[in-house]
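Q: Please take a close look at the aromatic ring pairs in this model. Start with some background on the chains before going into detail.

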Amino acid sequence: MTDELEELREKTSRDDRLSETEEEDEDEEPVAYTPVEDVVLRENADQGVKTLREQTERGERVEGDDEPGEVVLSPYDELFDEDAETVDDPYCGNCDHVTFRKHNGEPGPHCSLHDLKTRLESSMVCEEYEPQTGGGG
Amino acid sequence: MRRPSRVATFIDKGGTGKTTVAAHLGVALAEAGEDVLLVDLAGKQGDLSKHFGLWDDVEESIESDDDWPNISTVFQDEWDIIVEKLGEDAVDDLIHGTDEDIDVIPAHPGLDSLDAELGNIDSPSDRYSRLDDFLTEYVDPLGYDVVLVDLPGITNNVTYNGLWAARNAVVPVEAGVFEASQLEALEQDLEKMDDSFGVTVDLSMVVPNKIDRRTKLSKEYLKEFRDAYPDVLGRPIPVSQEIRNAANDGHTVFDVDEPSKTGERACRRFAENAEELRVRISDDEPVRRTEAVSDD
C-alpha cells in the first residue's frame, strides 16, 4: 500500500477515530465502578416479567372461546388466516418477548411445550432470561 | 439505464425482526428473479451477515487488519479519493456473494461511531445524502434490480441516510402497543423529511412479524394495523423457531431442506410480500438524485 493510501486508511479507519477519543479522555479523572448497569438490568428484567405476565393474561388461548364444532371465519380471518394452521414448531412462540440464553446451542427446556403463563406460574422460566432491549432486529 | 429500486427496513424499536425480514424478503425477491443487494447498516453485531454465514469472514478480516475499506468508509469525505486510488476493487471488496443468490455488503464496527461523525457535518443535505451518493455513483452501475438496506432500530443520522437513499420503507412490526406508536412516530418523521428537504419516503409495506395467531393479542393488533394501514399491510409472518434456527446455522428458512409447516408458511408469506413489494416499488422514478434539497 502506498504512503498516500496508508494515510487515507488511517484517516478514515475506525481505530484512528477511536484513538483520537481515547487521547482526549486521558486527562479525565478515573471514574469508580458503580454497579448501576446491574441495577438497571434487574429493573428491566422485573419490568419484562410484569409486561409478559400482562400480555400473556390478555393473550390467553382462544380455542376455548369458540363453541365446539363452530367454524365461522370473521372477515379478519378470511383475510389473514385462510391457511389451515397447525403449530408444529417445538417451542411455544411466546419466547419472542424475551431472549433466552441458549443451552448447547438450542433453547432450553423452559421453552418447550408449555405456554408462557404456565411457565411463569410454575417457575419454569429460566433464571437467566434477559429482557429484549432493542438494537437488533 | 434504469436505477435499482431501493428499500429500507426500519422501525425505531429493537426486536421486531427488521434484519430477519430484510434477509428473507431479499431471498424471496431473488427467488422471484430479481438481482438483489443487501446493505447492512444495522450495527456492529452483523446480524444480517450472520443470516448468510458471512460474519466469520468479516470478523477474520477485522482481526487480520484487512477490513479497509468497509461500509463505514463510504460515508467519509475521502471516499471518492479512495475509489480513485483503489479503482473498482474499492467497491467490489465491499460486496460478498452468498449461497442464496443475493449479494451482501456486511456491517462493520466502524458504523458504531458513524452517527456522531455524521452529526459533525453542518449541512443537513450533505449529512443525510452520503449513502444516496454512494449508491447512485458506485452501486447503481452494477445493475442490481433491488438494493435493500437494513437499518438500526433507532432514529439517528445513519437511519436518515438509509431512508433518504431508499425512499421506500418496509416496517416490520410485532403485535404490540409500542410498535403501533413507533409507526405513528415514523410517519411523522417521514413527513418532516418531506417538508424540510423535499425528500419523499414512501411507507411501502408494514409487515406484521412473529405473529402467533393462537393469541387474542396478536389478532387484536393485526386488526388495528389493518384498520390503520389498509393499503400497505403485508401478509403476517408466523412466529417460527425454525427461522431462528436457520439464522443460527447461517442461512434463511428458504434454504432449509425439510422445513416445518410453519417454516413453509413463513416462506410463502415472505414470497407473497416480496411479490407485492415488487409492484409497489416498481413505480419509482428512474433517477431522483437531482432533486433539489434545502439545507434549512
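A: In chain A, 28% of the 137 residues are buried (buried is under 20% relative accessible area, exposed over 50%, partly exposed in between, with a 1.4 Å probe and protein chains only). The model is predicted, so local features need pLDDT of at least 70 and side-chain atom pairs 80 or more, while totals for chains, interfaces and linings use all residues. Residues are numbered from 1 along each chain as its sequence is written, chains are lettered from A and ligands numbered from 1 in the order written, and side-chain values use heavy atoms, without hydrogens or water.

Chain A exposes about 9700 Å², of which carbon and sulfur atoms supply 49% (Shrake-Rupley method, 1.4 Å probe). Its five helices and two strands follow the order α-α-α-α-β-α-β from the N terminus (DSSP runs: helices are H or I of at least four residues, strands E of at least two, numbered from the N terminus). Of the contacts in chain A with a separation of 6 or more, 57% join residues 24 or more positions apart (a contact is heavy atoms within 4.5 Å).

Now the rings. Over all chains there are seven aromatic pairs (rings of Phe, Tyr and Trp, the last by its six-membered ring, with centres within 6.5 Å; planes under 30 degrees apart are stacked, over 60 edge-to-face, the rest tilted). One of them joins Trp79(B) and Phe134(B) edge-to-face, at 5.7 Å centre to centre and 75 degrees between the planes. This pair links distant parts of the chain, since Trp79(B) lies in helix H4 (residues 79–86) and Phe134(B) in helix H8 (residues 130–139), 55 residues apart. Both Trp79(B) and Phe134(B) are buried.

Trp79(B) also pairs with Tyr138(B): the centres are 5.9 Å apart and the planes at 85 degrees, so this pair is edge-to-face. Tyr138(B) belongs to helix H8, 59 residues away from Trp79(B) in helix H4. The relative accessible area is 3% for Trp79(B), which is therefore buried. Tyr138(B), at 14%, is buried as well.

Ring pairs also link Tyr128(B), Tyr160(B), Trp164(B) and Phe197(B) into a cluster. Over the ring of Tyr128(B) sits the charged end of Arg127(B), 5.2 Å from the ring centre (the rule asks for NZ of Lys or CZ of Arg within 6 Å of the centre and within 35 degrees of the ring normal).
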